[in-house]
Amino acid sequence: MANSQQNYFEMFGLEPNFSIDIPKLSAKLRTLLNSVHPDRFASSGAQQQMLSMQKTTHLNDAFAVLKNPVKRAQYLLHLKAGIDTAKDHTVNDPEFLMQQLELREELEDIVASSDISRLNQFADKISQLEESQEEQMAELFEKQPLNTDELETAIYKLQFLHKTLSDIEQAEDKLLS
């Protein structure tokens, strides 16, 4: 059963690593939720039911962080080095920033042309960049000692790519409606 003193990885019986098996994480969530589900405590007192709800909420919060690569990386860096990357930060990589500007312009052109096929190809391209960034992130977390500057930059780059994928989904919704 989940303990509120455990970190999110411990709650799921995982080592604190960036690379995790999402299907196994999901299966473990179902098992844990089943063990603390409020219905199991329907005949118990109000205090036990409230505790069950709190544990359920804590498990769902932990799962939301661990299943999302950006949030998982932020959490892991905070856990291992005490660094909070959730606040705004500027990436000091002119090449990457130029690439992001070009990708944004390309997305705007695609939306303006209403070309859903081109949008899907663009989404595939961004997904490949995201996958590559996640692989780099996993490698950076495995290096000892941690290079926190590189990790922070890698997290911010991954955030950019996630935001672009989110914008693509919104554009797709707009084009299909």
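Predicted model: local features only at pLDDT ≥ 70, side-chain atom pairs only at ≥ 80, totals over all residues.
I'll begin with confidence. The protein averages a pLDDT of 91, and 94% of the residues score at least 70. Helix α3, residues 46–67, has the lowest confidence, with a mean of 90, while α6 has the highest, at 97. Where pLDDT is low, the coordinates should not be read in detail.

Now the aromatic rings. How many aromatic pairs are there? The count is 4. One of them is Phe9 with Tyr75, a tilted pair with 6.0 Å from centre to centre and 35° between the planes. Phe9 belongs to helix α1, residues 8–11, and Tyr75 to helix α4, residues 69–81, so this pair links distant parts of the chain, 66 residues apart. Is Phe9 buried or exposed? Phe9 is buried, because its relative accessible area is 0% and the cut-off for buried is under 20%. Ring pairs also bring Tyr8 into a cluster with Phe9 and Tyr75.

Next, Phe18 and Phe141. Their ring centres are 6.0 Å apart and their planes meet at 15°; the cut-off for stacked is under 30 degrees, so the pair is stacked. This pair too links distant parts of the chain, as Phe18 and Phe141 are 123 residues apart. Phe141 sits in helix α6, residues 116–142. Phe18 counts as buried at 4% relative accessibility, and Phe141 counts as buried at 4% as well. Phe18 has a charged neighbour: Arg72 lies over the face of its ring, 4.6 Å from the ring centre.

In soluble globular proteins, nonpolar side chains tend to be buried together. Here the largest nonpolar core has 30 residues. Which of them touch the most other members? They are Tyr8, Phe12, Phe18, Leu59, Leu66, Met137 and Phe141. Two or more residues of this core come from each of α1, α2, α3, α4, α6 and α7. Take Met137: beyond its neighbours within four places in sequence, Met137 is in contact with Phe18, Ala73, Leu151, Ala154, Ile155 and Leu158. There is also a second, separate core of 11 residues, including Leu107, Ile110, Leu119 and Phe122.

Last, the lysine. Lys157 is in helix α7, residues 148–176. Lys157 has 15% relative accessibility, so it counts as buried. What does Lys157 contact, leaving aside neighbours within four places in sequence? The contacts are Val91, Asp93, Phe96 and Gln133.

That is all I have.

Terms used
Residues numbered from 1 in each chain as written. Heavy atoms only, no water. Phe/Tyr/Trp six-rings, centres within 6.5 Å; stacked < 30°, edge-to-face > 60°. Helix = DSSP H or I, 4+ residues; strand = E, 2+ residues; numbered from the N terminus. Buried < 20%, exposed > 50% of the residue type's maximum accessible area, 1.4 Å probe, protein only. Lys NZ or Arg CZ within 6 Å of the ring centre and 35° of its normal. Contact = heavy atoms within 4.5 Å. pLDDT = per-residue confidence, 0-100. Core = buried A, V, L, I, M, F, W, Y, C linked by side-chain atoms within 4.5 Å.
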